[in-house]
Amino acid sequence: MDEKIRNRIKEQVVVGAFAEREEKLQQQVIVSNVSIMKLLMLCALLYVVALTRAADKGADKQVQQPDEDVSQLEKRTTFRCPRGWTKYSGRCFHFVPRYLPWAEAEKNCRAMGGHLASLRNRNEYFWVQHLINYYTHTSPETWIGGSSRTGDTTWFWSDGTSFTFTFWCQGEPNNPDKQHCLQMNYSGKKCWDDLQCDRRLPSVCVKYPVILVKFHG
């Protein structure tokens, strides 16, 4: 009887030890599986981060690409004045020797894509004087783009340029009721004068250069 009890106890001990060992092995397997899952999750996270960074770099390149294209385009862009027009200070000027009233002179300039000349500073004015002298060998009184309304002392350029620079002769303008158009090269000082708009004078037109783009493929 005692022997049977001992054997049963021994069997229980062996079974218990085996069960305990099996439980530890299962726990180790679970721990290993958890570690593997963590490692896989970490790898997946790193992969997503790498893809995101690559996409961001690609987007940056796409955003920057138009600037590079524009830069290349600018290198192939030239600004030229048509034949008969002379470029100065970023604009094209053209002397018209035909004697016309101010309104017809402005209309003629518009037909050529411009306006009667606006003058923005002293250098432009002196340069236009030289342009007129080049074609005429004199300094005739000439229409430019300034005008005013009846009874108003405010002057405007026909092309919309701000009327900030002036070169009026002494005492001019002096007749806001009858003289509303601007002539240059007036008197011996070759300055500005207000004049009746129906008087016939040569004129100077101005417009911006033609943009020429050459593509090389």
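**A chat about loops and backbone angles**

Student: What relative accessibility does Ser89 have, and how does Ser89 count?
Tutor: Ser89 has a relative accessibility of 45% and so counts as partly exposed, since that value falls between the 20% and 50% cut-offs. Keep in mind that this is a predicted model.

Student: Where does Ser89 lie?
Tutor: Ser89 sits in the loop that runs between β2 (86-88) and β3 (91-100).

Student: And what is the phi of Ser89 near?
Tutor: Its phi is near 55 degrees, which is positive even though Ser89 is not a glycine. Most residues other than glycine have a negative phi.

Student: OK, on to Ser187. What is its phi?
Tutor: Ser187 has a phi of about 65 degrees, again a positive value in a residue that is not a glycine.

Student: Which loop is the place of Ser187?
Tutor: Look between β7 and β8 (191-195) for Ser187. With a relative accessible area of 32%, Ser187 is partly exposed.

Student: Changing topic: is the peptide bond from Glu172 to Pro173 cis or trans?
Tutor: That bond is cis, and its omega is near -5 degrees. Most peptide bonds are trans.

Student: Where is Pro173 found?
Tutor: Pro173 belongs to the loop between β6 (155-157) and β7 (181-186). Thr164 is in the loop between β6 and β7 too.

Student: Is Thr164 buried or exposed?
Tutor: Thr164 is exposed, because its relative accessibility of 67% is over the 50% cut-off.

Student: What separates the C-alpha atoms of Thr164 and Arg120?
Tutor: A distance of 7.1 Å separates those C-alpha atoms, while Thr164 and Arg120 are 44 residues apart along the chain.

Definitions and conventions: Residues numbered from 1 in each chain as written. Predicted model: local features only at pLDDT ≥ 70, side-chain atom pairs only at ≥ 80, totals over all residues. Heavy atoms only, no water. Helix = DSSP H or I, 4+ residues; strand = E, 2+ residues; numbered from the N terminus. Buried < 20%, exposed > 50% of the residue type's maximum accessible area, 1.4 Å probe, protein only.
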